[in-house]
Amino acid sequence: FDSIRNQTCASWRCLVVDGASTDGSQSVIQGLVDPRIRHVFHDVNKGLYGTLAETIALVDTEWVAIVMQDDRLKSIYLQEMMALTQRFTQVDAFWATEDLIAEDGKIRVKGRDTSRLEAIDPGASLWADVLRRGCFWTISGSFTRKALYQALPFSREFPHCGDFEWLLRAARQAHFLYYERSLMELRVHQRQASAINLLQGRDVQEAYLDRKSVV
């Protein structure tokens, strides 16, 4: 939350969504005292993409930045992204480079920082490129028009690869822009849900079912 509060651009609103956590996160969220922060608590874990699909409807801004709980925005993130929206008015979705950080917050891999801009037009060629390259768009730290998420909501049918599936659909009609400047810090550690599920040999849907049975 500090990385959001410390933005050089102070014109923001934050919607914090708790997906039926059991680790004390709710008390931390309730302790956030800032008129720009709202929170929503779910009784059942609906999965990342199911939660995102419902959350978009609650957002009241033109642009949406998705930030996962483990990650941090650099202080100039919003300033840089808003400048890009004013410069490239036809673009629907932006994303930038990130630094990879360890659980303790120390940088493991420094992201490219050349300030290179790459406009990516929609169409069949982009769709095929996504299939070849994989999900090169980064969901955490992405900056996207709310209207695009409304037209193309995330699907809860793909708990492993909802971001990739969304990108394949968006690639046919949305204008993307990649900014090669490190504007966020993406945390990578072995306690993440994806890493735990891999080690335990079970898929994400099974993990959600286990949590529901406990609740």
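Tutor: Let's start with a definition: contact means heavy atoms within 4.5 Å. Keep in mind that this is a predicted model.

Student: Thanks! What does tryptophan 166 touch, not counting residues up to four places away in sequence?

Tutor: Tryptophan 166 touches Trp137, Thr144, Leu148, Tyr149, Leu152, Pro153, Phe154 and Phe176. Each of these counts as a contact because it has heavy atoms within 4.5 Å.

Student: Which residues touch the most other members of the largest nonpolar core?

Tutor: Trp166 is one of them, together with Ile66, Trp137, Ile139, Tyr149, Phe154 and Phe176. This core has 27 residues. Among the elements that each supply at least two of its residues are helix 3 (48–56), strand 5 (93–101) and strand 9 (176–187). Helix 7 gives the most, with four residues.

Student: And which residues does the second, separate core include?

Tutor: Cys14, Ile29, Leu73 and Leu177 are among its 23 residues.

Student: Now the loops. Why is alanine 20 called buried?

Tutor: Buried means under 20% relative accessible area. Alanine 20 has 15% relative accessibility, so it counts as buried. Its place is in the loop between strand 1 (14–18) and helix 2 (25–30). Alanine 20 also has a positive phi of about 60°, although it is not a glycine.

Student: What makes serine 115 partly exposed?

Tutor: The cut-offs are under 20% for buried and over 50% for exposed, with partly exposed in between. Serine 115 has a relative accessible area of 38%, so it is partly exposed. This residue lies in the loop between strand 6 (107–109) and strand 7 (116–120), and serine 115 has a positive phi of about 70° without being a glycine.

Definitions and conventions: Residues are numbered from 1 along each chain as its sequence is written. This is a predicted model: local features need pLDDT of at least 70, side-chain atom pairs count only at pLDDT 80 or more; totals for chains, interfaces and linings use all residues. Side-chain values use heavy atoms; hydrogens and water are left out. A nonpolar core is a set of buried Ala, Val, Leu, Ile, Met, Phe, Trp, Tyr and Cys residues joined through side-chain atoms within 4.5 Å. Buried means under 20% relative accessible area, exposed over 50%, partly exposed in between (1.4 Å probe, protein chains only).
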